[in-house]
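Thanks for making time for this. I would like to walk you through one chain, going from its overall make-up to a few individual residues, so please keep the view open while I talk.

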Amino acid sequence: MSVVLDNITKIYGEQKALDNVSLSIAKGEITGLLGPNGAGKSTIMKIISCFLPPTSGQAKVHDLNVMDNPQLVKAKIGYLPEHNPLYPDMYVREYLHYIAGIYKMKGSIELKINEVIELTGLQIEQNKKIGALSKGYKQRVGLAQALIHNPDVLILDEPTTGLDPNQLIEIRELIKSIGKEKTVLLSTHIMQEVEAICDRVIIINKGKIVANDTTSALSKMLGSTESIMLEIDKKVELKEIERIRGVVHVIDLGDYKYELSCEDSKEVRQDIFQWAIKSNTQILSMNKKENNLENIFHKLTK
């Protein structure tokens with residue numbers, strides 16, 4: 001495994017930011033790290049990146065302990081933090097030269113800078129000052145600096161912040177391409193991002209891992225009940241809908257809209273139509289609510 005956390009605990013004063021966290025991430029795997037604000041996501045990434053020491057437990061990158069070998073570990077990691085720290089008065093190419101010098105890169109640095117500029121789509125902005133760039137292009141510069149030394153592990157904290165829809169697609173494809181050869185840990189609040197990019201999802205809540213699997217496996221883990229979104233032409237009593245065969249629970253969403261928890265949505269829909277006919281109720285819309293990542297996240301962290 002490229003990245004391994006073994007019983008990691010991190011305490012700030014009286015606050016336990018991480019509570020006995022264990023996880024592993026393999027090469028060629030893009031893992032999404034999700035959690036509410038303050039759940040411990042940034043703490044995990046900072047420990048892996050050697051910016052924070054754990055209070056207890058061990059963190060390893062390519063079998064190197066982050067506490068014992070911080071310089072060797074940092075050389076293997078590319079890190080894009082949430083608040084992308086850049087020097088606005090430096091030119092893009094000048095900044096990348098500066099970062100290459102920090103990593104003491106050998107060989108043709110100019111060639112490597114050209115490669116990473118092309119990879120991140122910075123060609124037309126490469127001779128501008130960073131301060132003159134849009135937020136989206138500044139984010140690309142952050143990605144370029146994280147990639148310039150060809151790291152084995154890439155840690156991305158909110159990597160698509162500020163990107164327009166076209167740039168978003170391009171960066172997603174870039175991350176997916178990178179993930180074929182590297183270990184990628186991606187933190188984001190955008191659920192569609194994780195579903196589009198990630199092979200696996202880790203959900204953390206209050207310093208503890210509450211889920212670690214594929215989205216399809218998480219859906220099965222949450223139980224067999226399904227949901228139907230029902231909109232009708234008038235208000236009815238909840239108990240009247242709950243009498244429909246197969247309906248387990250009903251939530252009134254307002255404006256004559258209801259969410260029905262069901263044992264089998266396909267079978268229940270037939271009974272809903274029969275109920276509507278008998279009760280002289282007009283169905284305006286009826287849709288199955290998919291147990292997507294957003295719903296899974298809400299159920300596991302509420």
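This is a predicted model: local features need pLDDT of at least 70, side-chain atom pairs count only at pLDDT 80 or more; totals for chains, interfaces and linings use all residues.

The secondary structure of this chain comes to 11 helices and 14 strands, where helices (H or I, at least four residues) and strands (E, at least two) are DSSP runs numbered from the N terminus. Residues are numbered from 1 along each chain as its sequence is written, and side-chain values use heavy atoms, with hydrogens and water left out.

In overall terms, the C-alpha atoms fill a box of roughly 80 × 45 × 35 Å, taken along the principal axes. Of the 302 residues, 47% count as buried, and by buried I mean under 20% relative accessible area, with exposed being over 50% and partly exposed in between, for a 1.4 Å probe and protein chains only. If we take the contacts with a separation of 6 or more, residues 24 or more positions apart account for 67% of them, a contact being heavy atoms within 4.5 Å.

Let me turn to the sheet. It is an open sheet of six strands in the order β6-β7-β8-β3-β9-β10, with mixed pairing, and two strands are taken to pair if DSSP finds at least two bridges between them. The edge strands, each pairing on one side only, are β6 at 77-80 and β10 at 208-213. From one strand to the next, the twist averages 15°; axes here are lines fitted to C-alpha atoms, for helices over the stretch in contact, and angles run from 0 to 180 degrees between N-to-C directions.

Strand β7, residues 153-157, pairs with β8, residues 183-187, in the parallel sense over five bridges, with valine 153 standing opposite threonine 183 and leucine 156 opposite leucine 186. β3 also runs parallel to β8, joined by four bridges, and there leucine 33 has serine 187 as its bridge partner. How is β8 covered on its two faces? Thr183, Leu185 and Ser187 are buried on one side, and Val184 and Leu186 are buried on the other.

Next, the helices. In α3, residues 92-102, the buried residues are Val92, Arg93, Tyr95, Leu96, Ile99 and Ala100, and because they cover an arc of only 160° around the axis, they sit on the same side of α3; the arc is that of the directions from the helix axis to the C-beta atoms. What covers them includes α4, at 109-119, and α5, at 135-147. After α3 comes lysine 104, whose phi is positive, near 55°.

That brings me to the nonpolar cores, each a set of buried Ala, Val, Leu, Ile, Met, Phe, Trp, Tyr and Cys residues joined through side-chain atoms within 4.5 Å. The largest has 45 residues, of which Leu34, Tyr95, Leu96, Val141, Ile148, Leu156 and Ile203 touch the most other members. The largest share of this core, six residues, comes from α5. Apart from it lies another core, of 27 residues, among them Ile8, Leu18, Leu52 and Leu185. Leucine 96, leaving aside neighbours within four places in sequence, is in contact with Ile113, Val116, Ile117, Ala144, Gln145 and Ile148.

I will finish with two single residues. Tyrosine 137, found in α5, is buried, with a relative accessible area of 16%. Not counting residues up to four places away in sequence, tyrosine 137 touches Gly121, Leu122, Ile124, Glu125 and Gln167.

Asparagine 65 lies in strand β5, residues 64-65, and is also buried, with a relative accessible area of 11%. The side chain of asparagine 65 reaches the backbone nitrogen of methionine 67 at 2.8 Å.

Notes. A polar contact is a pair of N or O atoms within 3.5 Å; within protein, one must be able to donate a hydrogen and the other to accept it, and residues adjacent in sequence count only if both atoms are side-chain atoms.
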